[in-house]
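Have a look at the sequence and the fold before you read on.

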Amino acid sequence: MKNKKEIVMYIVFGLLTTLVGWGTYIVFENALKLSVFWSNLLSWICAVSFAYITNKLWVFESKSFDLKILFKEIPAFLASRGITGVFEIVFVPLLAKWGFDNPFFRLAQGMNIKADIFFTEGIYSKISVAIIVVILNYVFSKLIVFKKDKA
C-alpha cells in the first residue's frame, strides 16, 4: 500500500513539477523572448528545485535535515537530475530544430486552435522528452537518491 501511495504522490508532484517547468518555459520563451536553449535551461533549474523539496518531503518521506543526509541526497539528486537534464537540454532544442513540432503545429492550425501555447516553439518536443525524463527520474530517485537503508 505504501508503494502505491508513493507512486501516486510521485505522479501528483511530478505533474506539478512539470507545470512549474513548462510554465516557466513559456514565460521565458514567450514573455522574456529567450531562446529555446535558455528558456529550457532556466525552466529546468526551477523545476529541479521544486522537485527536490516535494520529492524529499512528500514522495519519499525523507524528513531529516541532518547535514549527513542532505550531503548524501542533494548531490545524488542533482547528479541524477543532471543526467536527465542534459538529456532534456540536448534533445528538446534538437527535436525542435529537426521539425518535430511542425506536424503538431499543423494539427493545431487545422483544428483552428488560437492559443499561443500550442504554437510555442519546442513545446511538443518538450512534452515528448518529458515522458522519458519522468520515468528515469523516478527510477533514479527510488533506487539511488532516497533509497531507504535496510536496518
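Lining the largest cavity are 21 residues, and those nearest its centre are Thr17, Thr18, Ala47, Val133 and Asn137. A cavity here is a set of points, on a 1 Å grid over the protein atoms alone, where a 1.4 Å probe fits but cannot get out, and a lining residue has an atom within 4 Å of a point. Helix 1 (2-31), helix 2 (36-59), helix 3 (67-97) and helix 5 (123-145) each give two or more residues to this lining. Helix 1 provides the largest share, with 7 residues. Sorted by class, the lining has 10 nonpolar, 8 polar and 3 charged residues; Ala, Val, Leu, Ile, Met, Phe, Trp, Tyr, Cys and Pro count as nonpolar, Asp, Glu, Lys and Arg as charged, and the others, Gly among them, as polar.

How much space lies in the largest cavity? The answer is about 280 Å³, where a volume is the space filled by probe spheres set on the points, and grid points are joined across faces, edges and corners. The whole structure has 1 cavity of 30 Å³ or more.

A word on what you are looking at: this is a predicted model, in which local features need pLDDT of at least 70 and side-chain atom pairs count only at pLDDT 80 or more, while totals for chains, interfaces and linings use all residues. Residues are numbered from 1 along each chain as its sequence is written, and side-chain values use heavy atoms, with hydrogens and water left out.

Now step back to the whole chain. It has 5 helices and 0 strands; helices (H or I, at least four residues) and strands (E, at least two) are DSSP runs, numbered from the N terminus. The C-alpha atoms fill a box of roughly 60 × 30 × 25 Å along the principal axes.

Next, see how the helices pack. The axes of helix 2 and helix 3 come within 10 Å and cross at roughly 150°, with axes fitted to C-alpha atoms over the stretch in contact and angles running from 0 to 180 degrees between N-to-C directions. Helix 2 and helix 3 are therefore roughly antiparallel, a label for angles over 145 degrees. Their contact includes 15 nonpolar, 4 polar and 4 charged residues.

Helix 3 and helix 5 also have axes that come within 10 Å, crossing at roughly 165°, so they are roughly antiparallel too. In this contact there are 15 nonpolar, 5 polar and 5 charged residues.

Finally, look for charges. Side chains of opposite charge can pair when their charged atoms come close. The structure has 4 salt bridges, each a side-chain nitrogen of Lys or Arg within 4 Å of a carboxyl oxygen of Asp or Glu. One of them joins Glu6 and Lys142, whose closest N and O atoms are 2.9 Å apart. Because Glu6 lies in helix 1 and Lys142 in helix 5, the pair ties together parts 136 residues apart in sequence.

How values were computed. 1 Å grid on protein atoms, 1.4 Å probe; cavity = no way out; pocket = protein on both sides within 12 Å on 5 of 7 lines; lining within 4 Å. Parallel < 35°, antiparallel > 145°, perpendicular 65-115°, else oblique.
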